[in-house]
Amino acid sequence: MNKLSFDVLTLFPGILEGPLNESILKRAREKGLLGLRLWNIRDFTEDKHQKADDSPYGGEAGMVMKPEPIFRAIEQVKAAAPGERFLTVLLSPQGKVFDHAGAERLSRETRRIILLCGHYEAIDERVRQMLVDEELSIGDYVLTGGELAALVVIDAAARLVPGVLGDDESAYRDSFGDGLLDHPHYTRPAEFRGRKVPEVLLSGNHDAIWKWRRRESLRATLLKRPDLLETAGLTEDDRKVLEELKRDSKL
Ligand code: 4FV
């Protein structure tokens, strides 16, 4: 079983500790399917004030993370695992926007993944030039720090590692697993506040249930994310259903 390994470099490890020690991620670490180490960049400063940021050359608002503590931290991470290969990822708004395909790629990664979390205005450019292999963004907005982005990347990739989720199948069948949005889900009671669970789901007819779920995935995708239809692997049946849905004014 491939073990997915992350070393997270941050000035605020406390932001990450909670989510990484709960539920599925906690179990994945206990099962040895997920390796996670947090490194506090401030531990790699050398002055008595443990200064990890400084004012920008050329003047402007905000502070810039100093290169030295980050270089020392990454060199320490690599020194702690001789012979291992590393992929160093900077979380930043300038990165490739992270998506399901990105999560799938990272979930199969055999190199140890170093996630570098920025804070303040930016990180000294020489870190990007000399240490960063790739940049990832979780979306076109600005966060106060890269920690939340690191958590998103770890969570989305880890749950795709075989054995992390209960029955593997659930990872394949949820949104984006097959390029479409997920179908509606129901559980007991069969009627709630006057709303019944669709009959077909109570029928036990698995073929009919499969068809209904595929149709509802196509409906949701057509309604909410028609852009995904361009890249989804659609069958002839899917195209027929989509034509019906487009004709079906109820859409
Ligand atoms: C971000 C994002 C992000 C930029 C300045 C941290 C902040 C601060 N990271 N996807 N969007 N980072 O906004 O990954 O250092």
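**Figure 1. Strand S1 and its partners.** Strands S1 and S6 (residues 112-117) run parallel and are joined by 4 bridges; here two strands count as paired if DSSP finds at least two bridges between them. Within this pairing, Leu-9 sits opposite Leu-116 of S6. S1 is also joined to strand S2 (residues 34-40), again in parallel, by 7 bridges. In that pairing, look for Val-8 facing Leu-38 of S2. Strands (E, at least two residues) and helices (H or I, at least four residues) are DSSP runs, numbered from the N terminus.

A note before you go on: this is a predicted model, in which local features need pLDDT of at least 70 and side-chain atom pairs count only at pLDDT 80 or more, while totals for chains, interfaces and linings use all residues. Residues are numbered from 1 along each chain as its sequence is written, and side-chain values use heavy atoms, with hydrogens and water left out.

**Figure 2. The two faces of S1.** In a regular strand the side chains alternate between the two faces of the sheet. On S1, you will find Leu-4, Phe-6, Val-8 and Thr-10 pointing one way, with Ser-5, Asp-7 and Leu-9 pointing the other. Because 7 of the 7 residues of S1 (residues 4-10) are buried, the strand is largely enclosed by the rest of the structure. Buried means under 20% relative accessible area, exposed means over 50%, and partly exposed lies in between (1.4 Å probe, protein chains only).

**Figure 3. S5 beside S8.** Strand S5 (residues 86-97) and strand S8 pair in the parallel sense over 5 bridges. Val-89 has Glu-134 in S8 as its bridge partner. S8 (residues 134-137) sends Glu-134 and Leu-136 one way and Glu-135 and Ser-137 the other, and all of them are buried.

**Figure 4. Around Thr-88.** Thr-88 lies in strand S5. With a relative accessibility of 0%, Thr-88 counts as buried. Leaving aside neighbours within four places in sequence, the residues in contact with Thr-88 are Ile-74, Lys-78, Ile-114, Leu-131, Val-132, Asp-133 and Glu-134. Contact means heavy atoms within 4.5 Å.

**Figure 5. An open sheet of 3 strands.** The strand order is S3-S4-S7, with mixed pairing. S3 and strand S7 (122-123) stand at the edges, each with a single partner strand, so one side of each has no neighbour in the sheet. Strand S4 (residues 64-65) pairs with S7 in the parallel sense over 2 bridges. In this pairing, Val-64 stands opposite Ala-122 of S7.

**Figure 6. Glu-46 in its loop.** You will find Glu-46 in the loop between S2 and strand S3 (53-54). Glu-46 is exposed, having a relative accessible area of 64%.

**Figure 7. Stepping back to the protein.** The C-alpha trace spans about 70 × 40 × 35 Å along its principal axes. Buried residues account for 44% of the 251 residues. Of the contacts between residues at least 6 apart in sequence, 75% join residues at least 24 apart.
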